[in-house]
Amino acid sequence: MKTTLSVLVENHPGVLSRVAGLFSRRGFNIDSLAVGTTENPEISRMTIVVDGDEYIVEQVKKQLNKLVDVIKVSKIIPEESVSRELVLIKVDAEPQVRSEIIHIAEIFRANIVDVSRKSMIIELTGDKDKVSAFEELLKPFGIKELVRTGVIAVNRGTKTIKIEEEE
Amino acid sequence: MKITAAEALIRSLEMEDVSVVFGYPGGAILPVYDSLLHSKKIKHVLTRSEQAAAHAASGYARVARKVGVCMATSGPGATNLVTGIATAYMDSVPVVAITGQVSTSLIGRDVFQEVDITGATAPFTKHNYLVKKAEDIPRIVKEAFYIASTGRPGPVLIDLPKDVAETRIEFKYPEQIALRGYKPKLDGHPLQISRAAEAINKAQRPVICAGGGINSAGAEEELLKLAEKAHIPVATSLMGIGAFPEDHPLSLGMMGMHGTPYANIAVTESDLVIAAGARFGDRLTGRVTGFAPKAKIIHIDIDPAEIGKNVKADIPIVGDVKRILAEILKEVQPKQTSEWNDRIAELKKKSFLYNKNDKLCPQEIIEALSSKTEGNAIITTEVGSHQMWVAQYYRFIKPRTFISSGGLGTMGYGLPAAIGAKFARPEQNVINICGDGSFQMNLAEMATAMENNLSLKMILFNNKGLGLVRQLQEFYCKKRYSQVNFGFVPDFVKLAESYGIKAKRIDSREELDNALDELISEKGCFLLECMVDINENVYPMVLNGSPINEMIGG
């Protein structure tokens with residue numbers, strides 16, 4: 001079972017290693033982890049996809065909360081949120097197959113960001129399923145390199161994940 | 001006036017009311033030791049290894065109920081602290097460890113005595129700091145003491161690079177702490193408290209399982225009142241020893257792997273387990289599926305992550321156990337003794353006994369010591385058979401008088417911890433009980449004891465080997481004994497004497513009485529070496545994978 005957690009942390013050096021270290025030490029499996037600063041430069045937001053049952057997810061949340069640099073841990077519910085991942089794919093593209101690849105990219109609303117004589121780089125955003133489907137279609141042409149950012153997610157509507165400001 | 005960050009560190013320690021620091025100097029921490037010379041309030045105790053400094057700080061912290069402080073230099077100094085820090089972490093002991101670090105411009109270049117100690121200790125510190133800016137020092141010290149001593153206590157490390165320590169700053173000690181990621185919850189949820197009280201009122205066969213949290217929170221009075229009000233028998237974990245007076249009729253002694261049969265049976269038969277400041281460690285529960293099978297579980301713990309981690313709780317209450325017990329007490333109805341109390345009394349009648357043979361038995365030494373000191377000594381231990389016998393046969397009646405490494409099981413803990421304990425309570429008789437295995441791990445600390453004119457007592461069970469490991473090999477390796485007998489042991493009496501310590505060796509029952517009197521009345525340090533049989537096992541014993549009511553020798 002995969003669960004997405006949104007974790008607000010202090011934007012300090014060493015915080016990422018504390019969080020990553022906690023996962024390895026406690027034997028939790030991370031599917032993906034994406035991190036960057038938020039609208040408040042003092043705070044970073046990590047989106048972590050955890051693989052594990054309810055007990056594991058509960059423990060992950062509690063153990064993360066014990067870290068002094070972790071400010072807030074929230075569970076992201078798939079139906080009530082938008083999640084995206086960005087992927088860059090370098091694919092073999094001899095002139096005779098190029099138009100076919102461009103056609104597939106168009107269907108997926110992907111962008112071609114670089115073309116050379118024998119290959120091209122395609123940029124795609126979407127949720128995990130879309131990215132996987134796209135990858136499958138490109139495989140026969142020969143994927144030379146593939147880089148994914150990991151999933152990031154936000155809640156739909158006005159619901160936000162923010163630190164409670166104190167009076 | 002500007003002062004160096006090293007001086008600011010010392011002043012900050014003074015602001016935190018630190019009166020004693022255990023440590024060992026070195027190159028990268030030179031500025032701190034230089035500043036320490038000017039402090040009139042802080043006494044520095046020079047141990048003989050950094051590990052001992054960390055254990056001494058831990059022993060001090062547990063007895064004094066204050067933060068213990070240790071310091072060491074970078075590299076090997078810092079890595080030697082690691083075992084002590086991990087020991088403190090596993091037993092939730094508030095310790096602040098300060099390490100020197102190479103200068104910031106050199107960090108990461110593998111220079112002399114450089115090690116990434118914040119990285120190394122991250123898994124077993126509550127928090128740690130690598131100080132990058134000198135002006136952060138007062139804030140960091142304030143935060144470190146706050147984090148170490150509040151919530152679930154634990155060690156915090158401050159790593160101070162040499163160039164940062166030498167930087168001059170304006171000293172101003174902060175009054176407030178702003179940690180948005182750290183807010184320990186102290187008050188229990190009122191609804192959960194009411195549910196717990198109701199469960200206690202309804203229970204026919206309740207048992208309290210008191211853990212180390214009672215000792216560290218100072219909740220012994222609330223525990224006693226609750227137990228007496230509803231006539232609830234009390235078992236303790238190893239860390240909970242002393243939390244409830246063992247001479248009390250409601251006391252079941254220690255439960256778990258080497259616990260008393262009556263404690264383990266009572267828990268198994270009970271219909272309500274009230275775990276107070278105990279984390280249901282594996283040594284306590286035995287096989288989890290057979291643990292208290294008929295019971296509802298109330299779990300009181302300050303650390304939310306402990307709730308449901310090992311044993312599922314029916315009524316979890318997160319918060320300070322002292323406050324929560326006081327609140328529960330208000331809603332619990334007084335009860336008369338019941339059939340359950342009769343059952344407990346009957347279980348307790350069949351006491352567990354060792355076989356007294358013609359040889360001097362380690363268990364009888366502890367029993368004799370217990371009656372001679374009337375539970376008025378602070379007993380520290382190392383790790384091994386002797387530790388379990390102390391837990392079983394010494395009658396502890398006061399909190400924080402049993403100081404031992406429970407979670408990590410660190411051999412070499414007892415002697416330095418005894419030094420720390422003596423600094424916390426100089427008027428108390430402090431006795432370290434050890435085996436010859438663990439004694440040899442930190443015996444150099446006899447020098448620290450002598451240097452500081454401490455009256456430290458040591459009882460050494462010499463079986464020329466590692467008795468508890470031997471016992472494990474007997475049960476789990478079909479008596480294939482591997483590396484559990486020492487081919488050479490020193491003359492411990494002469495060794496102690498070379499430190500200027502009075503020492504005596506006994507090997508018969510007839511000598512025991514006088515020897516213990518001599519040990520207790522001696523004004524200085526004293527080592528009593530007792531020759532015992534390595535084949536003496538610790539019973540009762542619950543085998544791995546068995547529920548706690550299935551005991552060998554119970």
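Predicted model: local features only at pLDDT ≥ 70, side-chain atom pairs only at ≥ 80, totals over all residues.

Biologist: In what order do the strands of the chain B sheet lie, and is the pairing parallel or antiparallel?

Modeller: In general, strands of a sheet pair through backbone hydrogen bonds, in either a parallel or an antiparallel sense. In chain B, 6 strands make an open sheet with the order 3-2-4-5-7-6, and the pairing is parallel. Strand 3 (43-46) and strand 6 (127-130) of chain B are the edge strands, each pairing on one side only. From one strand to the next, the twist averages 20 degrees.

Biologist: How many bridges join strand 4 of chain B to strand 5 of chain B?

Modeller: These two parallel strands are joined by 5 bridges, and M71(B) has I98(B) in strand 5 of chain B as its bridge partner. Between them the chain passes through helix 4 of chain B, and this β-α-β crossover is right-handed. On its other pairing, strand 4 of chain B runs parallel to strand 2 (residues 20-23) of chain B over 2 bridges; there F22(B) stands opposite C70(B).

Biologist: Which way do the residues of strand 4 of chain B point, and are they buried or exposed?

Modeller: In a regular strand, side chains alternate between the two faces of the sheet. Here G68(B), C70(B) and A72(B) point one way, V69(B) and M71(B) point the other way, and all are buried. Because 5 of the 5 residues of strand 4 of chain B are buried, the strand is largely enclosed by the rest of the structure.

Biologist: Which strands does helix 4 of chain B lie across?

Modeller: Helix 4 (residues 76-90) of chain B lies across strand 4 (68-72), strand 5 (95-101) and strand 7 of chain B, at about 165 degrees to strand 5 of chain B. Helix 6 (residues 137-149) of chain B also packs on the sheet, where it touches strand 5, strand 6 and strand 7 of chain B. Its direction makes about 160 degrees with that of strand 7 of chain B.

Biologist: Turning to chain A, which domains are assigned?

Modeller: The assignment gives domain 1 (2-76) and domain 2 (82-152) of chain A, with C-alpha centres 29 Å apart. In the contact between them, 6 residues of domain 1 of chain A meet 5 residues of domain 2 of chain A. The largest share of the domain 1 side, 3 residues, comes from strand 2 of chain A. By class, that side has 3 nonpolar, 3 polar and no charged residues.

Conventions. Residues numbered from 1 in each chain as written. Chains lettered and ligands numbered in written order. Pairing = 2+ DSSP bridges. Helix = DSSP H or I, 4+ residues; strand = E, 2+ residues; numbered from the N terminus. Axes fitted to C-alpha atoms, helices over the stretch in contact; angles between N-to-C directions. Contact = placed C-beta atoms within 7 Å. Buried ≥ 20, exposed ≤ 12 C-beta atoms within 10 Å, placed from the backbone. Right-handed = clockwise from strand over helix to strand, strands pointing away. Domains from an automatic or database assignment. Nonpolar A, V, L, I, M, F, W, Y, C, P; charged D, E, K, R; others polar.
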